Every structure is written in structure tokens, then in C-alpha cells.
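Trainee: Please give me a close look at one part of this model, and go on from there to whatever connects with it. I would also like the cut-offs behind each term.

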Amino acid sequence: MPAAGEIVNLAVSDVLRKEKEALRATLRARRRAVTPEEARRAGERAATLLMAYLAAHPVKHPLAYALLYAALPGEVDTASLDAALRGCGVAVAYPRVTGPSQLLLHLATPEELRPSRHGIREPDASAPVLPPARIDLLVVPGLAFDASGLRLGFGGGYYDVLLSQTPGALSCGLCHPFQLLDRVPAEPHDRRVDLVIHQELTLSAARPIPPLSRRHTKEETP
């Protein structure tokens with residue numbers, strides 16, 4: 001028989017899961033109303049803000065590797081950010097789902113991405129693999145964020161796992177203003193991001209951010 005404390009914890013977890021699911025349903029509905037043009041403009045704004053942030057902070061060398069997501073309909077588009085990063089000599093990777101909560105990262109261009117059975121544009125399995133430890137900048141999607149860096153994902157845990165595998169990367173969440181909440185319900189496994197961009201750039205309280213530095217050279221094989 002579970003102890004009293006365990007019963008309380010189970011009840012709290014159940015409440016949190018129900019709160020998350022209700023929020024997901026609401027935010028998915030709102031996201032469906034976002035037009036492609038609005039998503040494109042939001043992506044351009046996000047690219048401008050993030051690149052300005054990177055330029056304004058001390059870096060010993062240019063960033064080497066970044067991971068972006070391929071936007072679903074209604075999500076903040078990452079095409080402008082991809083172009084801006086490549087223009088600065090950064091190699092860009094995209095994720096591919098390989099199992100429950102498992103992503104494999106591949107170096108690829110947006111033109112090389114193809115729709116998967118999950119409905120997400122992904123790199124081909126033959127594209128060069130990039131180990132998570134090589135990532136300097138990690139840009140993640142979400143249904144909602146708050147100013148503390150907490151993120152409401154889609155329930156699969158893919159990016160929570162990835163964030164735990166990239167502790168040295170600067171992590172950034174992109175969202176529309178309606179997706180920035182006062183509070184995101186969180187469980188112990190939920191990971192925070194360092195920055196949230198929602199028409200403005202918010203530095204979260206996730207952790208002190210050290211000066212950005214390049215740890216790798218692209219002459220190294222990923």
C-alpha cells in the first residue's frame with residue numbers, strides 16, 4: 001500500500017498532467033489560427049533578436065554548431081534563423097525521431113528535409129550525424145513558455161531528454177506572444193531554456209549564462 005506521501009505525490013502529478021493537457025488543447029487551437037505569413041514574420045523577428053544577442057555577448061570564437069527545429073504549421077518559422085546562422089559560418093543540424101523520446105541530430109539544409117510519418121520535416125537518415133555534446137546553440141519549439149524558462153512541450157519528452165544531453169549549449173525557445181504564460185505547469189523532469197523569444201527576448205532564470213565560447217572546430221568530424 002502506498003505511503004501517505006506517495007499518494008499525495010501521485011495526486012499532484014495527476015493534477016499537473018491534466019493541467020498540461022488542457023493547456024495543450026487550448027494552445028494547439030490558438031496556434032492553428034496563425035497564418036504562414038505571421039509565422040514567417042515572427043521567425044524573422046526572432047532571428048534578428050537572437051543574432052543581436054549573440055553578437056552583443058562575449059565570444060572567444062564564432063559558434064560552430066546549432067540545432068534548429070523544422071517548424072510545423074503555426075510555429076515560429078526558423079528559416080530566417082537558419083540563413084542568418086549559416087551566413088556567420090555556423091553548421092546547422094535538425095532532429096530526426098528514432099524512438100520514444102529519442103532524437104538523432106543530422107547536419108542538413110532546410111531543402112534536404114522531408115516529411116516523416118510523424119508529419120515533421122526531418123533529415124534523411126544518411127545525413128551526417130552530430131553528437132548532442134557538439135551543440136553550441138539549441139533552439140527548441142514549444143506550445144508555451146514562461147519567463148523562468150519553463151517549457152510546455154507536446155508530451156513526448158523529446159526535447160527534455162535533448163536538453164539534458166546538452167548542458168553546455170545555450171538553449172532558446174521560440175514562441176508567439178500568446179504562448180508566453182505567467183506560469184507553465186512543471187514536473188521534476190521538465191527542463192528550462194536559457195532564453196525565450198516572443199517578439200522580445202527574455203533572459204530566463206534557468207542558470208547563470210557564461211560567456212559563449214566555441215568548443216569545436218568544423219574540421220573535426222561530428
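Mentor: What follows begins with pockets, goes on to strands and ends with cysteines. First, a word on the ground rules: this is a predicted model, in which local features need pLDDT of at least 70 and side-chain atom pairs count only at pLDDT 80 or more, while totals for chains, interfaces and linings use all residues. Residues are numbered from 1 along each chain as its sequence is written, and side-chain values use heavy atoms, with hydrogens and water left out.

Let's start with the largest pocket, which holds about 590 Å³ of space. A pocket here is an open set of points on a 1 Å grid over the protein atoms alone, where a 1.4 Å probe fits, with protein on both sides within 12 Å along at least five of seven lines; lining residues have an atom within 4 Å of a point. Its volume is the space filled by probe spheres set on the points, which are joined across faces, edges and corners. The lining has 29 residues, and those nearest the centre are Arg151, Phe154, Gly156, Tyr158 and Tyr159. By type, the lining divides into 12 nonpolar, 6 polar and 11 charged residues, where Ala, Val, Leu, Ile, Met, Phe, Trp, Tyr, Cys and Pro count as nonpolar, Asp, Glu, Lys and Arg as charged, and the others, Gly among them, as polar.

H1 gives the most, with 4 residues. Arg32 also belongs to H1, and at 66% relative accessibility it is exposed (over 50%; buried means under 20%, partly exposed in between, with a 1.4 Å probe and protein chains only).

Now follow S2 into its sheet. With 8 of its 9 residues buried, S2 is largely enclosed by the rest of the structure. The sheet is open, with 7 strands in the order S3-S2-S1-S6-S9-S11-S12 and mixed pairing; two strands pair if DSSP finds at least two bridges between them. S2 pairs with S3 in the antiparallel sense over 6 bridges, and Val97 stands opposite Leu103 in S3. With strand S1 (residues 65-67), S2 pairs in the parallel sense over 3 bridges; Leu67 has Ala93 in S2 as its bridge partner.

Lastly, the cysteines: the whole structure has 0 disulfides, a disulfide being a pair of cysteine sulfur atoms within 2.5 Å. The sulfur of Cys172 has its closest cysteine sulfur in Cys175, 9.2 Å away, which is too far for a bond. Cys172 is buried at 0% relative accessibility, and Cys175 is buried at 4%.

Technical notes. Helix = DSSP H or I, 4+ residues; strand = E, 2+ residues; numbered from the N terminus.
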